[in-house]
Amino acid sequence: MKKLIIANWKMNPPTLKKAKELFSATTNYRLQAKNAEIVIVPPFIYLSELLKIKNSPKQSTLATGQIKLKIGAQNIFWATEGAYTGEISPKMLKDLYVDYAIIGHSERRKYAAETDEMINKKVIAALKESLKVILCVGEPLEIRKKGKKAAMDFVKNQLQKDLKGLKGKLLSNKLIIAYEPIWAIGTGISATPETALETIKYIKKLLITNYQLLTPRVLYGGSVDSKNIKGFLQHNEIDGALVGGASLNAKEFKKIVELTNKIN
Ligand code: PGA
């Protein structure tokens, strides 16, 4: 299966002009190999404009080349419409032809006080609109310091709550898990490929046995860059990467995509 590389721009860049420049620089080249699928995830406010660029016939880019290019949202709300000031619904995103939604990112759990119960409602709402879900899970440093059993239990608990009531057909081909240890996000200190692999194998086992998924997809995220990407993605079990900081530098991101493309 193709490796999935997701560019999470977070609250960057600060202007539409810069967002357009970054998008064009990130996607405006051709690659011959076909081993990667790219999802660009900008702030909501840039989605329409970037989708216009992606779909413009002039754009001789990844979009029209052999690599699949998709667009995602960084968050959603669980209702379809109504009196929810400041929120964006899965239906609105679907209407724009957005394909993916990141749900439960640790920064939203921290700064927007999102609970597992809220995340569960969001996952259900996204699936209802046929958005593909990138559900983020991962343990904080104090848990990792207690050892791998504690870290795995933490992640298992998050999955139990975030995926409550969901399994089998409801999830298959629509759910992607991003294992993102919180201590590795934006710190420049990634997990080792061994730690990522071990945890991802565990998550996959849970998805198969408890959620009846036949071919679960699980990514790694946390300080991924062009220097360490190969160490993660050379393992068959690691299906791709969620890239934050490094996706804001078009050259660096291009390197990540090219390296991914070379992995078989
Ligand atoms: P980072 O962010 O690559 O900057 O560590 C990853 C993420 O939060 O998705």
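**Entry 1: H5 against H7**

I found helices H5 and H7 oblique to each other (angles under 35 degrees count as roughly parallel, over 145 as roughly antiparallel, 65 to 115 as roughly perpendicular and the rest as oblique). This is a predicted model, in which local features need pLDDT of at least 70 and side-chain atom pairs count only at pLDDT 80 or more, while totals for chains, interfaces and linings use all residues. Residues are numbered from 1 along each chain as its sequence is written, and side-chain values use heavy atoms, with hydrogens and water left out.

The axes of H5 (residues 116-128) and H7 come within 8 Å and cross at roughly 55 degrees. Here axes are lines fitted to C-alpha atoms, for helices over the stretch in contact, and angles run from 0 to 180 degrees between N-to-C directions. Helices (H or I, at least four residues) and strands (E, at least two) are DSSP runs, numbered from the N terminus.

I then listed the contact (heavy atoms within 4.5 Å): Asp-116, Glu-117, Ile-119, Asn-120 and Val-123 of H5 meet Gln-158, Lys-161 and Asp-162 of H7.

**Entry 2: H7 against H8**

Next I looked up H7 (residues 148-162) with H8 (residues 193-211), and their axes come within 11 Å, crossing at roughly 40 degrees. That makes H7 oblique to H8 as well. On the H7 side I noted Lys-148, Met-152, Val-155, Lys-156, Leu-159 and Gln-160, and on the H8 side Glu-198, Thr-199, Tyr-202, Ile-203, Leu-206 and Tyr-211.

**Entry 3: the buried side of H2**

Which residues of H2 (residues 47-55) are buried? I get Leu-47, Leu-50, Leu-51, Ile-53 and Lys-54 (buried means under 20% relative accessible area, exposed over 50%, partly exposed in between, with a 1.4 Å probe and protein chains only). They cover an arc of only 160 degrees around the axis, which puts them on the same side of H2; the arc is that of the directions from the helix axis to the C-beta atoms. Their packing partners are helix H1 (16-27), strand E3 (68-73) and helix H3 (90-95).

A reminder to myself: most residues other than glycine have a negative phi, and most peptide bonds are trans.

Asn-12 and Pro-13 are joined by a cis peptide bond, with omega about -15 degrees. I placed Pro-13 in the loop between strand E1 (3-8) and H1.

Asn-173 has a positive phi of about 70 degrees and sits in the loop between H7 and strand E6 (175-179). Asn-173 is exposed, at 67% relative accessible area.

For Ser-223, phi is near 60 degrees, again a positive value, and its loop runs between strand E7 (217-221) and helix H9 (229-233). Is Ser-223 buried or exposed? At 19% relative accessibility, Ser-223 counts as buried.
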